[in-house]
Amino acid sequence: FKIFWIYVLPITFQVLVSLEDLNLESSVVPVGVVWSIAGAILYACYMVFLKHKVPTEDRMDFTMFFGFVGFFNTIILWPGFPLLDVFGWETF
C-alpha cells in the first residue's frame with residue numbers, strides 16, 4: 001500500500017497544480033497541462049514496470065540502461081525535430 005502512494009501522490013499534485021493554473025488563466029484546458037499530466041502518469045507507469053522487471057538494483061547495469069535510454073530517445077525523437085520546424089509548431 002505504501003508503494004501505491006509513492007506513484008499516486010506525484011500525479012495527484014500535478015493535477016492539483018494544473019487545476020490551479022487552469023483557474024487562473026481561463027476555462028480552456030491548455031495543451032501544456034494535458035502533456036504534464038500525461039507525463040506524470042507515464043512516468044509512474046514506467047517506475048512500476050521497471051520495479052516489476054528489476055526487483056533489486058544489484059541486478060541492473062545502470063550505465064548500459066541509461067545508454068540505451070539515450071540511444072532510443074535519439075532514434076525516436078530526433079526525426080521529429082525537423083518536422084516541428086517545418087510545420088511551424090516550434091522554431092529552431
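In helix 2, the buried residues are Val-33, Ala-40, Ala-44 and Leu-50. Buried means under 20% relative accessible area, exposed means over 50%, and partly exposed lies in between, with a 1.4 Å probe and protein chains only. Helices (H or I, at least four residues) and strands (E, at least two) are DSSP runs, numbered from the N terminus. The model is predicted: local features need pLDDT of at least 70, side-chain atom pairs count only at pLDDT 80 or more, and totals for chains, interfaces and linings use all residues. Residues are numbered from 1 along each chain as its sequence is written, and side-chain values use heavy atoms, with hydrogens and water left out.

The protein has 4 helices and 0 strands, in the order α-α-α-α from the N terminus. Of its 92 residues, 11% are buried.

How far apart are the end C-alpha atoms of helix 2? They are 33 Å apart, which agrees with the 33 Å that its 23 residues (31–53) should span at 1.5 Å a residue. The expected span is 1.5 Å times one less than the number of residues.

UniProt, in an unreviewed entry, places the feature "transmembrane region" at residues 28–50 and 62–81; such annotations may be inferred rather than shown by experiment. Residues 62–81 are 90% helix and 0% strand, and their end C-alpha atoms lie 28 Å apart.

A nonpolar patch lies on the surface, and its members include Met-64, Phe-68, Trp-78 and Phe-92. Patches take residues with over 30% relative accessible area and no salt bridge; like charges are joined within 9 Å, and nonpolar side chains (Val, Leu, Ile, Met, Phe, Trp, Tyr) within 5 Å. A salt bridge is a side-chain nitrogen of Lys or Arg within 4 Å of a carboxyl oxygen of Asp or Glu. Helix 3 (residues 62–77) gives the largest share of the patch, 7 residues. Phe-68 lies in helix 3 and is partly exposed, with a relative accessible area of 45%.

Definitions and conventions:
Accessible areas come from the Shrake-Rupley method with a 1.4 Å probe; for residues, only the protein chains shown count as cover.
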